[in-house]
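Subject: Structure handover

Hello,

Here is the structure I promised to pass on. My notes on it follow below.

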Amino acid sequence: MKNRRLKVRRNDPCPCGSGKKYKRCCLHKENSKDIEADKELYFQKYSIRLKEEKDINGIRKAGRLALDTLDLVESQIRPGITTDDINTLVHDFTIKNGATPAPLNYRGFPKSVCVSVNEVICHGIPKERVFKDGDIVNVDVTPILNGYYADVNKTFFVGTPGPDAQKIVRVARECLKRGMAAVRSGNSIGDIGWAIQNYAEGQRCSVVREFVGHGVGFEFHEPPQVPHYGRKGEGLILIPGMVFTIEPMINLGKKDLNILDDNWTAVTRDGSLSAQFEQTILVTDNGFKSLTPFDL
């Protein structure tokens, strides 16, 4: 598919014989045909629904709300508040802005946001746990705005972090940055996973295998799955219009985990710290755009 797009360069004479440059003549027509063919192929073969411009704009607006929500959360995080306080904050702000919190009642999840502290890898259910100085906390936000979903999370410091907390948050942040940098049309999903795994393990951290990134936009979770480990060149080829999350979960210790009795909360088996960062990514002709952008 990549080679098909590169047969004629933009500034080459148009194959139709008009005497014009390809970019000034038939490029748009052929790209339109290619896009429609890709949409049909990826839906029929992989159940992946490529996003059009109106969909991308809708996801971007949901993403802006998600980022505003995380900014509000960050302003309130401090020792002494509870994970349930964060849930109330997120729920009320989401509703106030005309959206719905996607996690609430999703497959039985009882709250409006996932709040994961220290050894909790993901899917922490907000309850009465009190933040302490030196904790790290991941807050994972997914609003539904005008029918579109955007998914984003960050890991925050509570008070003054120790060296282990600083390390795992730094590594997790860099893992997302490197995974995003591997996104471009013609690359594979395996390229994303390899970039993340190679860096994390080089820092003597580990990558969680059981939870992966995923398509998003029309639904909370769509195809494809996006593992945060892998080999270069393996897996599905990326094409423009794909929208998915990259959300590496990185452990300071080993990759193994346990699921608690609530059937949601995932914790590191060895009790080590775990951190995560996530953005919703659009594959473009020239690389990628984040629909939930924040500095890394």
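Asp 84 is partly exposed, at 25% relative accessibility; that class lies between buried, under 20% relative accessible area, and exposed, over 50% (1.4 Å probe, protein chains only). Asp 84 forms a salt bridge with Lys 111. The closest N and O atoms of Asp 84 and Lys 111 are 2.9 Å apart. A salt bridge here is a side-chain nitrogen of Lys or Arg within 4 Å of a carboxyl oxygen of Asp or Glu. Asp 84 sits in helix α4 (residues 83–96), and Lys 111 in the loop between β1 (100–101) and β2 (114–117), so the pair ties together parts that are 27 residues apart in sequence. Lys 111 is partly exposed too, with a relative accessible area of 22%.

A word on the source. This is a predicted model: local features need pLDDT of at least 70, side-chain atom pairs count only at pLDDT 80 or more, and totals for chains, interfaces and linings use all residues. Residues are numbered from 1 along each chain as its sequence is written, and side-chain values use heavy atoms, with hydrogens and water left out.

Other salt bridges

The count comes to 9 salt bridges. One of them joins the side chains of Lys 54 and Asp 55, at 3.3 Å from N to O. Lys 54 is exposed, with a relative accessible area of 54%. Asp 55 is buried, at 5%. Glu 201 and Arg 209 also meet in a salt bridge, at 3.9 Å from N to O. Glu 201 is partly exposed, with a relative accessible area of 40%. Arg 209 is partly exposed as well, at 24%.

The whole chain

The protein has 6 helices and 17 strands. Both are DSSP runs, numbered from the N terminus: helices are H or I with at least four residues, strands are E with at least two. Of the 296 residues, 51% count as buried. Contact means heavy atoms within 4.5 Å. Among contacts between residues at least 6 apart in sequence, 67% join residues at least 24 apart.

Helix pairs

Two packed helices are described by the angle between their axes and the distance between the axes. Axes are lines fitted to C-alpha atoms, for helices over the stretch in contact, and angles run from 0 to 180 degrees between N-to-C directions.

Take α5 (residues 163–181) and α6 (residues 189–202). Their axes come within 8 Å and cross at roughly 150 degrees. That makes α5 roughly antiparallel to α6 (the term covers angles over 145 degrees; under 35 is roughly parallel, 65 to 115 roughly perpendicular and the rest oblique). The crossing of α5 and α6 is right-handed. Right-handed means that the near helix is turned clockwise from the far one by less than a right angle; anticlockwise is left-handed. Which residues of α5 and α6 meet? From α5 they are Arg 170, Val 171, Glu 174, Cys 175, Arg 178 and Gly 179; from α6 they are Ile 192, Ala 195, Ile 196, Tyr 199 and Ala 200. By class, this contact has 7 nonpolar, 1 polar and 3 charged residues. Nonpolar covers Ala, Val, Leu, Ile, Met, Phe, Trp, Tyr, Cys and Pro; charged covers Asp, Glu, Lys and Arg; the others, Gly among them, are polar.

The axes of α3 (residues 53–76) and α4 come within 10 Å and cross at roughly 145 degrees. The crossing of α3 and α4 is right-handed. Leu 65, Asp 68, Thr 69, Leu 72, Val 73 and Gln 76 in α3 meet Ile 86, Leu 89, Val 90 and Phe 93 in α4. By class, the contact of α3 with α4 has 7 nonpolar, 2 polar and 1 charged residues.

Single residues

Ile 237 is in the loop between β10 (222–226) and β11 (243–246). Ile 237 is partly exposed, at 32% relative accessibility. Leaving aside neighbours within four places in sequence, Ile 237 touches Tyr 42, Gly 186, Asn 187, Ser 188 and Met 242.

Pro 224 is in strand β10. A cis peptide bond joins Pro 223 and Pro 224, with omega about 5 degrees.

Asn 105 is not a glycine, yet has a positive phi of about 70 degrees. Asn 105 is in the loop between β1 and β2 and is exposed, at 59%. Asn 118 has a positive phi of about 55 degrees. Asn 118 lies in the loop between β2 and β3 (120–122) and is buried, at 12%.

Best wishes
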